Amino acid sequence: MTLSRSVQPSGPIALRNRSLMERPLMADTVSSARTVTLQFDDNALLPLLYGEHDRHLAQIEQRAGVRLASRGNRLTITGSAEASGIAEMALRALWKRLERGEPVAIAEVEAALRLAEGAARDTAQPADSSEPRLPLSDLPAIRTRKGAIGPRSPAQAGYMEMLARHEMVFGIGPAGTGKTYLAVAQGVALLMAGRVDRIVLSRPAVEAGERLGFLPGDMKEKVDPYLRPLYDALHDMMPADQVQRRITSGEIEIAPLAFMRGRTLAHCFAILDEAQNTTPAQIKMFLTRMGEGTRMVITGDPTQVDLPPGQKSGLVEALSVLHGVQGIGVTHFSEGDVVRHPLVGRIVAAYKRADDEAAAGRSGRAARRGADGPPRQEGE
């Protein structure tokens, strides 16, 4: 792929692809608009890059705030310097995927845009920023027998780097950000490579007190519904018969947290999922199971604690107590890192706004009570 750039006054694009939505640039970007032309050297891959009925290009237009036009093997990007840079980085990353023989669908386009936006933010950050600054061409990947798994957001890229470097990693953030999925993928990759002997996956079995006796069936039937997300992630990484065989042989162990007490986990990859629903004693018990050659990942969302009222979350306490401890990595995800359906991200953001508004309202009422002074006693 060759690239040529030219800065031109903004105006209508003559090479507009008819299938794309006609939409003028925003007024505040007109004065700073620039045009970038990409030239691709393999016409056979262009339909895959553009998507059916140019749906991928339309998605890039809408998300990045640019206008795209194609003729032959040339694609023109017009927009502000920042917007056109994001679109260009995303298109380059998608083209490289196609050259490697990897598929490109709406999810991959969304991931490329998210990573490009993160790279653009990193460029504007101060030099001492602690945020990951990985170029799109140098992103980490977790390789399993079902293929390579790459990051879909800057936070995921930093998380995958931590999984590779640290012996203990905390993944903190809302649902749908890939915390557990990527941890399971890393465990499977290390097991396949012979770097660990087994994978141990654990969750608090019942969120509100682990009262398994009230559920029907034997112990396996009682706990399986709570461990199902871990089974689902495993089946995405390995054939179903291999998952079952390795569970039977003990190479993969899936157990409720209560079963960890008194054990030492050596030469394994251990994951504690839904850690926000542990008590301080439970999470301390799990963390101290770590033996020689073991890696641990703890995932959870402190905003979704299902413990009884008044019970402190072990995850929240652990993050405070272990802050700054050498050898422990912590990745914080936000609603912008949600990689499920786009509506999930908007739902998470809406709930966060509601929580913030409620907290602000409580603070305002407390401040007003303080300004009014203590309540007057009768007879004063």
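Author: This is a predicted model. Take I347 to begin with: its relative accessible area is 40%, so I347 is partly exposed. This residue is found in helix α11.

Reader: Which nonpolar surface patch is made with I347?

Author: L343, I347 and Y351 make a nonpolar surface patch of about 320 Å². Residues of a patch need over 30% relative accessible area, and I347 has 40%.

Reader: Which residues form the positive surface patch?

Author: The positive patch is formed by R362, R365, R368 and R369. R365 is found in helix α11, which covers residues 342–372. With a relative accessible area of 42%, R365 is partly exposed.

Reader: What about charged pairs: how many salt bridges are found in the whole structure?

Author: Side chains of opposite charge can pair when their charged atoms come close. A search of the whole structure finds 14 salt bridges. One of them joins R63 and E110, with the closest N and O atoms 2.0 Å apart. This pair links distant parts of the chain, 47 residues apart: R63 lies in helix α2 (residues 55–64) and E110 in helix α4 (residues 106–123).

Reader: Is E110 buried or exposed?

Author: E110 counts as buried because its relative accessibility is 18%, and the cut-off for buried is under 20%. R63, at 31%, counts as partly exposed. Both residues belong to a network of salt bridges that links R63, E110, R114 and E117.

Reader: Which residue forms a salt bridge with R263?

Author: R263 pairs with E253, the closest N and O atoms being 2.6 Å apart. R263 is in the loop between β9 and β10, whereas E253 is in strand β9, 10 residues apart. R263 counts as partly exposed at 23% relative accessibility.

Reader: And how far apart are the closest N and O atoms of R97 and E102?

Author: In that salt bridge they are 3.3 Å apart. R97 is partly exposed at 22%, and E102 counts as partly exposed at 25%.

Terms used:
Residues numbered from 1 in each chain as written. Predicted model: local features only at pLDDT ≥ 70, side-chain atom pairs only at ≥ 80, totals over all residues. Heavy atoms only, no water. Patch = residues over 30% accessible without salt bridge, like charges linked within 9 Å, V, L, I, M, F, W, Y side chains within 5 Å. Areas by Shrake-Rupley, 256 points an atom, 1.4 Å probe, with all protein chains shown as cover. Salt bridge = Lys/Arg side-chain N within 4 Å of Asp/Glu carboxyl O. Lys, Arg positive; Asp, Glu negative; His and termini not counted. Charge placed at Lys NZ, Arg CZ, Asp CG, Glu CD. Helix = DSSP H or I, 4+ residues; strand = E, 2+ residues; numbered from the N terminus. Buried < 20%, exposed > 50% of the residue type's maximum accessible area, 1.4 Å probe, protein only.
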